[in-house]
Amino acid sequence: MKKFITNVIFFLIGLMVVMPIAFSVISINLNESFYDKNAVFIWGDSQANRGIHLTELKKKLNKNIYSSCHDGASVYDFLVFTEQVTKNSEVIVAVSKLAQIRRKDYDYNASGLSIWALFKLYQNNYSFNEVLKVLKKNLKPKQNIKTNHRVPRFKETMEIDLPISHFESYYNKIPSFLEDKQSLYLSGIKNLIQKNCKISFIEFPYHPKLAKIEEKSPIWPKAEAFKGDILSLFEESRMDTIKLDNNRNVFKDLSHLNFAGALDLSKKLGAKIRVQRVPTIYVIL
């Protein structure tokens, strides 16, 4: 009996050692593209997922383009992304304003397991239960990178899938977690800086109807100031603008570009990044 108990203990100890190693090996194999030295890696939520034409951007930059964008992506997903990219990588980060104020229950939080990222959440006022929910979503190795994604086809008319009232409910007051999310984004950016990554930032546009709501909300000053917080992390940095062709409809809905908008953006973004010398926030107009 004593021998049996001893064997069980050794088996459990061995399992505790082997499982994390196996998990790590599988995760690395699923995301091996992160080791491509001739590549640009994109992170963002649905605005980037639908608003960047990967093939067009690849033509402009003459580099492989990989996306780690997910609908609903938020701070945990960004922290995981910053861990997965290797040193000296080139990255494009889209930190949308809606991602900053999106309710935590609607965040994607399923990019893969990172103890560091989970600990960062806890340090920034995520409750134990909230951290546990994120952990449960990532108990299996995940593929967090892709070379293509669906870009909405061009339509002359815009689809209003979510009413204005939906966005008004988000913008009518400052959420209690806004500063926590912003702090977590800054932690991820610092991680990229430590890895000596070349970083570009994108701020996607809203349809004018939604932009008016945002500009009148109490969130607007804090969201605008956050861009300054990002730029202050660098010794040299700048803001720039990219103007889309407004002679045609470029919006799929109130907060996402359509195919025409994504194509136009990707051409102009690629041209800007090719000559970029310092970290830059590109505000899309």
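User: Let's start with the salt bridge of Glu224. Which residue is its partner, and how far apart are the closest N and O atoms?

Analyst: In this predicted model, Glu224 pairs with Lys97, and the closest N and O atoms lie 2.9 Å apart. To read such a pair, look at where each partner sits. Glu224 belongs to helix α11 (residues 219–231) and Lys97 to helix α5 (residues 97–101), so the bridge ties together parts that are 127 residues apart in sequence.

User: How many salt bridges does the structure hold, and which residues are joined into one network?

Analyst: There are 17 salt bridges in the structure. Glu179 and Lys222 meet through their side chains at 3.6 Å, N to O. That pair links distant parts of the chain, with Glu179 in helix α9 (residues 178–194) and Lys222 in helix α11, 43 residues apart. Glu179 is exposed, at a relative accessible area of 52%, while Lys222 is partly exposed at 33%. As for the network, shared partners join Lys97, Glu203, Glu214, Glu224 and Lys227 through salt bridges.

User: What about Arg102 and Asp107: buried or exposed?

Analyst: Both residues are buried. Their side chains form a salt bridge of 3.0 Å, N to O.

User: Now a residue in a loop. Where is Ser89 found, and is Ser89 buried or exposed?

Analyst: Ser89 is in the loop between α4 and β3. Its relative accessibility is 5%, so Ser89 counts as buried. A polar atom of the Ser89 side chain lies 2.6 Å from the backbone oxygen of Thr86. Setting aside residues up to four places away in sequence, Ser89 touches Phe41, Cys197 and Lys198.

User: And Glu83, what is it in contact with?

Analyst: Glu83 sits in helix α4 (residues 75–84) and is partly exposed, at 38% relative accessibility. Leaving aside neighbours within four places in sequence, Glu83 is in contact with Ser114, Trp116, Asn191 and Lys195. The side chains of Glu83 and Ser114 are joined by a polar contact of 2.3 Å.

User: How should I read the strands around β4? How many bridges join β4 to β3 and to β6?

Analyst: For a strand, ask about its partners, their direction and its cover. Strand β3 (residues 90–94) runs parallel to β4, with five bridges between them; Ala94 has Ile202 as its bridge partner in β4. Strand β6 (residues 280–284) also pairs with β4 in parallel, through four bridges, and Ser200 stands opposite Thr280 in β6. Strand β4 itself (residues 198–203) is mostly covered, with five of its six residues buried.

User: Which residues have the most contacts inside the largest nonpolar core?

Analyst: In soluble globular proteins, nonpolar side chains tend to be buried together. Here, the largest nonpolar core has 38 residues, and Phe41, Val91 and Val93 have the most contacts inside it. Helix α4 gives the largest share of this core, six residues. Apart from this core lies another of 23 residues, including Leu61, Ile92, Ile242 and Leu265. Among the contacts of Val93 beyond four places in sequence are Trp43, Phe78 and Leu192, along with Ile199 and Ile202.

User: To finish, how many helices and strands does the protein chain have?

Analyst: The chain has twelve helices and six strands. Buried residues make up 51% of its 285 residues.

Key
Residues numbered from 1 in each chain as written. Predicted model: local features only at pLDDT ≥ 70, side-chain atom pairs only at ≥ 80, totals over all residues. Heavy atoms only, no water. Helix = DSSP H or I, 4+ residues; strand = E, 2+ residues; numbered from the N terminus. Buried < 20%, exposed > 50% of the residue type's maximum accessible area, 1.4 Å probe, protein only. Contact = heavy atoms within 4.5 Å. Polar contact = N/O pair within 3.5 Å; in protein donor to acceptor, adjacent residues only side chain to side chain. Pairing = 2+ DSSP bridges. Core = buried A, V, L, I, M, F, W, Y, C linked by side-chain atoms within 4.5 Å. Salt bridge = Lys/Arg side-chain N within 4 Å of Asp/Glu carboxyl O.
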